[in-house]
Amino acid sequence: MTHPHDLRKARISGWTDQTYSGDALMKEIQDERTRELFAEGFRFSDMKRWSIGFSRSVAEDAPVANYVATQGNDLTKDASDHMWVWPIPKDEIDANPQIKGQQNEGY
């Protein structure tokens, strides 16, 4: 079985093994998941699990000179924002008397 360190040594010029612990270890795990699972659909779940908010702005990458930030392309969500948890569909609430009148916070 190939060890991840062997792969890095083979692919990254000048790579040297490192040992991580505490916050540095967690950061390395998060970074590695981001690299290895890019575009695989795990980022949203990871961000929720690790209570990481995000901020995105298209202004820096806008392909046109007439970009206007107020058109809804900029978005910032703190990790505590209620929108990280989706609403319970109304049909589900109506169909289940045990959850009638309940809804996730903010909806």
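Ring pairs link F44, F54, W84 and W86 into a cluster.

Q: What kind of model is this, and how are residues numbered?
A: The model is predicted: local features need pLDDT of at least 70, side-chain atom pairs count only at pLDDT 80 or more, and totals for chains, interfaces and linings use all residues. Residues are numbered from 1 along each chain as its sequence is written, and side-chain values use heavy atoms, with hydrogens and water left out.

Q: How many aromatic pairs in the whole structure?
A: Three. Rings of Phe, Tyr and Trp (its six-membered ring) pair if their centres lie within 6.5 Å; planes under 30 degrees apart are stacked, over 60 edge-to-face, the rest tilted.

Q: Which class are F44 and W86?
A: Stacked, because their centres are 6.0 Å apart and their planes at 25 degrees. F44 is in helix α3 (residues 43–49) and W86 in the loop between β2 (75–77) and α4, 42 residues apart. Helices (H or I, at least four residues) and strands (E, at least two) are DSSP runs, numbered from the N terminus.

Q: And F54 with W84?
A: Edge-to-face, since the centres are 5.8 Å apart and the planes at 90 degrees.

Q: Is W84 buried or exposed?
A: Buried, at 7% relative accessible area. Buried means under 20%, exposed over 50%, partly exposed in between (1.4 Å probe, protein chains only).

Q: New topic. What does E28 touch?
A: Leaving aside neighbours within four places in sequence, E28 is in contact (heavy atoms within 4.5 Å) with R8, Y20 and R35.

Q: Where is E28?
A: In helix α2 (residues 22–36).
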